Structure formats: structure tokens, C-alpha cells
Amino acid sequence: MSEKRLKRKRLHNKLFLKNRLVILNEDTFEEIFSFKLNLMNVFVTATIGAILLISFTTYIIAFTPLREFIPGYSSSKLKRDATELALKSDSLSDALKKNEAYIKSIQKVLTGDLEYAKFNKDSILASSNEAPPQVDLSPSKEELELRKQVDKEEKKPISPKAKSK
């Protein structure tokens, strides 16, 4: 137990023993400045300085454009451009699919492979075949009367007065 105490006492004496650091002019031996130091003060000052240097360097790298030079980090402009290009490529792929469907339908028409019963105006762009809604296409009374009137006018001979107008 006493040996441990003696070792601690020696270490304490070494750490807190006052030393003097003097800077002299070599030609005139004039003292420029001097410090009273102990080993503990030097150790604490060096540790605090190292911590400050590391934190300052980390701050500069993390919050300035210098981080772009570190592998794995990319600039915000590069990220923004990549996002815009991804959106454009998605829209271009959709447009390409629509154009391919249109070209296939045109090829079917030109080769005669078209099924007339299933042809729908929107079938070029639609991916699923939907049945059209049932609509009553029977002519109304007004339409029937208009048809009769047009038939009567077509059967009448064209008068010479109508030609001059």
C-alpha cells in the first residue's frame, strides 16, 4: 500500500513541479519572454488545442463546399440535377410507351390485323380495354322530322334563281 502511495506522490510531484521556459536572444542574452510551467499545464493546453483544432477542421469540412472533395459527399446542385433528370426520364419513358402503343396500332391498321369490334378511339393510349357505356342511339321525333324535311328538299328540282345566288 505504501508503494502505491509513493508512486502517486512521485507522479504528482512530476506533474506539478514548476519549470521555467525562457526565450532568450542568443546574441545579447536578452530575455524576450518567460513562462512558469508544469507538466500538467502543458498536457491540458495541448489536449484543449488538439480538440479545438479537430472540431474547427470538422466544422470547416462539414459546413463548407470543401466536403465535395471527400468521397461519398456530393454537392446539393448535383443532387438537385439528379432528381430533375430522374423525373424527366420517367416522363420520357411514359411518352415512349404511349408512342410505341400508337405505332403498334397504326401498324395493325396498315396490315389489316385490326379487330373492328374492339377498336376504340382511346384504345391507343388506354392500357385496359373498357366497355363503352350503353347509349340510346335511336333518333328522336325532331330528328325524324328534320330527315323528312331534308329528303323533300333534295327531291325538289333546283330552281334557276337559287343557282344565281
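Biologist: Which strand gives the most to the nonpolar patch?

Modeller: Strand β2 gives the most, with three residues. Keep in mind that this is a predicted model. The patch is made by L21, I23, I32, F33 and F35. It covers about 440 Å² of surface. β1 and β2 each supply at least two of its residues.

Biologist: Take one member. Is F35 buried, partly exposed or exposed?

Modeller: Read the relative accessibility against two cut-offs: buried is under 20%, exposed is over 50%, and partly exposed lies in between. F35 has 42% relative accessibility, so F35 counts as partly exposed. F35 is found in strand β2.

Biologist: Step back to the whole chain. What is the order of its elements?

Modeller: From the N terminus on, the elements run α-β-β-α-α-α-α. That gives five helices and two strands. Helix α1 spans residues 2-16. Strand β1 takes residues 19-24 and strand β2 residues 31-37. Further along come helix α3, residues 76-111, and helix α4, residues 141-155.

Biologist: How many residues does the chain have, and what share of them counts as buried?

Modeller: The chain has 165 residues, and 2% of them count as buried.

Biologist: Now the strands. How many bridges join β1 to β2, and do they run parallel or antiparallel?

Modeller: Six bridges join them, and the strands run antiparallel. To check the pairing, follow single partners. The bridge partner of V22 in β2 is S34. For I23, the partner in β2 is F33. I23 and F33 are also both members of the nonpolar patch.

Biologist: What should I expect of side chains along a strand?

Modeller: In a regular strand the side chains alternate between the two faces of the sheet.

Biologist: What lies between the two strands?

Modeller: β1 and β2 form a hairpin with six residues between them. Look at F29 in the turn.

Biologist: Is F29 buried or exposed?

Modeller: F29 has 63% relative accessibility, so F29 counts as exposed.

Biologist: On to charges. How many salt bridges does a search of the whole structure find?

Modeller: The search finds three. Start with the cut-off: a side-chain nitrogen of Lys or Arg must lie within 4 Å of a carboxyl oxygen of Asp or Glu. E31 is partly exposed, with a relative accessible area of 41%. R20 is exposed at 54%.

Biologist: Which residue forms a salt bridge with D81?

Modeller: K77 does, and the closest N and O atoms are 3.2 Å apart. Then check the spacing along the helix. D81 and K77 are four residues apart in helix α3, which means about one helical turn between them. D81 is partly exposed at 29% relative accessibility, while K77 is exposed at 52%.

Biologist: Which residue pairs with E143?

Modeller: R147 forms that salt bridge, with the closest N and O atoms 3.0 Å apart. E143 and R147 sit in helix α4, four residues apart, so about one helical turn separates them. E143 counts as partly exposed at 35% relative accessibility. R147 counts as partly exposed at 45%.

Biologist: Which residues gather in the patch of positive charge?

Modeller: They are K4, R5, K7, R8, R10 and K14, and the patch lies on the surface. Take K14 as a test. K14 has 60% relative accessibility, so K14 counts as exposed. K14 is found in helix α1.

Note on methods
Residues are numbered from 1 along each chain as its sequence is written. This is a predicted model: local features need pLDDT of at least 70, side-chain atom pairs count only at pLDDT 80 or more; totals for chains, interfaces and linings use all residues. Side-chain values use heavy atoms; hydrogens and water are left out. Patches are made of residues with over 30% relative accessible area and no salt bridge: like charges are joined within 9 Å, nonpolar side chains (Val, Leu, Ile, Met, Phe, Trp, Tyr) within 5 Å. Accessible areas come from the Shrake-Rupley method with a 1.4 Å probe; for residues, only the protein chains shown count as cover. Lys and Arg count as positive and Asp and Glu as negative; His and the chain ends are not counted. The place of a charge is taken as NZ of Lys, CZ of Arg, CG of Asp or CD of Glu. Buried means under 20% relative accessible area, exposed over 50%, partly exposed in between (1.4 Å probe, protein chains only). Two strands pair if DSSP finds at least two bridges between them.
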